[in-house]
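Thanks for coming, everyone. I have one structure to walk through today.

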Amino acid sequence: MEEKKLSIFERYLTVWVLLCIAAGILLGKAAPGIATTLNDFSIYQVSVPIAVCLFFMMYPIMVKIDFAQVVKSASTPKPVLLTLFINWAVKPFSMFAIAYFFIGYLFKDFLPGTEILANGEEVELWRSYIAGAILLGIAPCTAMVLMWGYLAKGNDGLTLVMVAINSLVMLFLYGPLGGLLLDVNAMPVPWQTMLLSVSIYVALPLIAGYLSRKWIIRYRGITWFNQTFLHWLTPISITALLLTLVLLFSFKGEVITGNPLTILWIAVPLFIQTVVIFASGYFVLARWLKLSYHDAAPAALIGASNHFEVAIATAVILFGLSSGAALATVVGVLIEVPLMLMLVAICKRTCHLFDECHLDYPQCERMI
C-alpha cells in the first residue's frame with residue numbers, strides 16, 4: 001500500500017497562513033477598497049464571495065466521510081463515547097475558561113480598544129478575541145484529524161466513525177453551545193445568523209458531500225472516487241481557506257502591525273487548551289477506559305484539534321470579516337499543524353503505555 005503523506009498544502013499550512021497574513025496586510029494598504037467591496041456584496045449579512053469560499057472549504061471535507069461506518073460504531077462504543085464527551089461536555093467550557101483567564105484577565109491590558117461588529121454594536125477587542133476562541137472550542141476537527149490519526153498509527157476505521165458522528169452532532173449542538181458561551185462572554189448573539197451559518201457551513205456541504213459521494217461511487221466506482229476525484233479536491237479546501245485569510249488580513253493589517261504581539265496573546269490560551277484537552281483524553285480518560293493505543297490516539301487527537309474552517313466561517317458571518325473573533329480563529333490555523341504534529345509524536349513515543357501497541361500497525365486492514 002502506498003504511504004499516505006501530508007500534501008504540500010497541509011505540510012506547510014503554517015507557512016501559507018503566514019504568507020496570507022503578509023499578502024492581506026499588503027492588500028489592505030495598497031487597495032483597501034477591494035476587500036471592502038467584496039464583503040459588502042452580501043445577502044442578510046452573509047458575504048456572497050466569502051460564502052462561496054467557505055463552502056468550498058467545507059465540501060471537500062464532508063465528501064470524504066463514509067456515513068455507512070456510523071452504524072458499525074456500536075461494536076466499539078467506548079472510544080466514540082470518549083470523543084463525544086470531550087468534544088461536547090468538556091472542550092467548549094474549558095476553552096471558554098482558559099481563554100477568559102488569559103485574554104480577559106492576564107493579557108487584558110495588552111489588548112486595548114474596541115471594535116464595531118457587523119451588526120453595528122461596539123464591543124471590547126478582548127471580548128471579540130475570546131469569542132473567536134469559543135467558536136474554535138465548539139468545533140471538533142473533522143478533516144485533518146484523519147491524517148493525524150493515520151500518522152499516529154491509529155485505527156482509521158474508528159477515526160472515520162468519530163468524524164461522521166461529530167459532524168452530525170455539530171448540526172444540533174454547535175448553535176446552542178455557541179450561543180450560550182457567547183452570551184456569557186457578553187457578546188451579541190444573532191440567533192438567526194447563527195442558525196444560518198450552521199446551515200450553510202455544516203448542513204449544506206454535509207448534504208452535498210453525502211449525495212455527491214453516493215452518486216459518484218455508484219456511477220464511477222470507489223477506486224475512481226478515492227484515486228481521482230479526491231485527488232482533484234485535495235487543494236481546493238485549503239486554497240479557499242487561504243483566499244479567505246487574505247481578505248481577512250486585509251482588514252486586520254493595521255491591528256497586527258500596530259500591535260504584533262496580539263497574535264501571541266491569542267495563541268497562548270489556544271496552545272494550553274489543546275495540550276490540556278489532549279492530555280486529559282489520552283493520558284487520563286483513555287487509560288481509565290483501558291483503550292488500545294490504536295483507539296486511544298485518534299480519540300484524543302480529534303478532541304485536541306479544531307475545525308478551524310467552521311470556526312472561521314461562523315466568526316465571519318456572525319461578527320464580520322474584520323472582527324477580532326475572525327482573527328482569533330485564524331490564529332488557531334496558525335498553530336494547528338505544528339502543534340498537532342507534536343502531539344502525534346508524543347502519541348508514538350508513549351505507545352507503550354497502552355495495550356496493543358504496534359507502530360507497524362496496518363490501518364487499512366483493521367476496520368471496525
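Where is the place of threonine 83? Threonine 83 sits in helix H5. Helices here are DSSP runs of H or I with at least four residues, strands are runs of E with at least two, and both are numbered from the N terminus.

Before going further, some ground rules. This is a predicted model, where local features need pLDDT of at least 70 and side-chain atom pairs count only at pLDDT 80 or more, while totals for chains, interfaces and linings use all residues. Residues are numbered from 1 along each chain as its sequence is written, and side-chain values use heavy atoms, with hydrogens and water left out.

Back to threonine 83. Threonine 83 counts as buried, at 1% relative accessibility. Buried means under 20% relative accessible area, exposed means over 50%, and partly exposed is in between, with a 1.4 Å probe and protein chains only. What does threonine 83 touch, not counting residues up to four places away in sequence? The answer is Met162, Asn166, Ala299 and Ile302. Contact means heavy atoms within 4.5 Å.

Now look at isoleucine 165. Isoleucine 165 is in helix H8, and it is buried, at 12% relative accessible area. Along the chain, isoleucine 165 and threonine 83 are 82 residues apart, yet their C-alpha atoms are separated by 9.8 Å.

Helix H8 itself runs over residues 156-184 and bends by about 50° at methionine 170. That bend is the angle between axes fitted to the seven residues ending there and the seven starting there. Just after H8 comes alanine 186, with a positive phi of about 60°.

Let me stay with phi for a moment. Most residues other than glycine have a negative phi. Lysine 153 lies in the loop between helix H7 (145-151) and H8. Lysine 153 is buried, at 18% relative accessibility. Lysine 290 also has a positive phi, of about 60°. Its loop runs between H11 and helix H12 (293-304). Is lysine 290 buried or exposed? Lysine 290 is exposed, at 65% relative accessibility.

Next, the overall picture. The chain has 14 helices and four strands. Of its 368 residues, 57% are buried. Take the contacts between residues at least 6 apart in sequence: 85% of them join residues at least 24 apart. The accessible surface is about 15,400 Å², and 67% of that belongs to carbon and sulfur atoms. Those areas come from the Shrake-Rupley method with a 1.4 Å probe, and for residues only the protein chains shown count as cover.

On to the inside. A nonpolar core is a set of buried Ala, Val, Leu, Ile, Met, Phe, Trp, Tyr and Cys residues joined through side-chain atoms within 4.5 Å. The largest one has 66 residues, and Val17, Leu135, Leu182, Leu245, Leu270 and Phe319 touch the most other members. Several helices each supply at least two residues of this core, including helix H2 (13-30), helix H5 (77-106) and helix H10 (222-258). The largest share, ten residues, comes from H14.

Zoom in on leucine 135. Beyond its neighbours within four places in sequence, leucine 135 is in contact with Tyr174, Leu182, Ala311, Thr314, Ala315 and Phe319. Apart from this core lies another, of 37 residues, with Ala286, Leu291, Ala296 and Met340 among them.

Phenylalanine 278 is in helix H11, and it is buried at 2% relative accessible area. Its C-alpha is separated by 5.4 Å from that of alanine 300, 22 residues apart along the chain. Leaving aside neighbours within four places, its contacts include Phe283, Ala300, Leu343 and Cys347.

Last stop, charges. How many salt bridges does the structure hold? The count is one. Here a salt bridge is a side-chain nitrogen of Lys or Arg within 4 Å of a carboxyl oxygen of Asp or Glu. The partners are glutamate 124 and arginine 127, at 3.2 Å, N to O. Glutamate 124 is partly exposed, at 32% relative accessibility, whereas arginine 127 is buried, at 16%.

That's my tour. Over to you.
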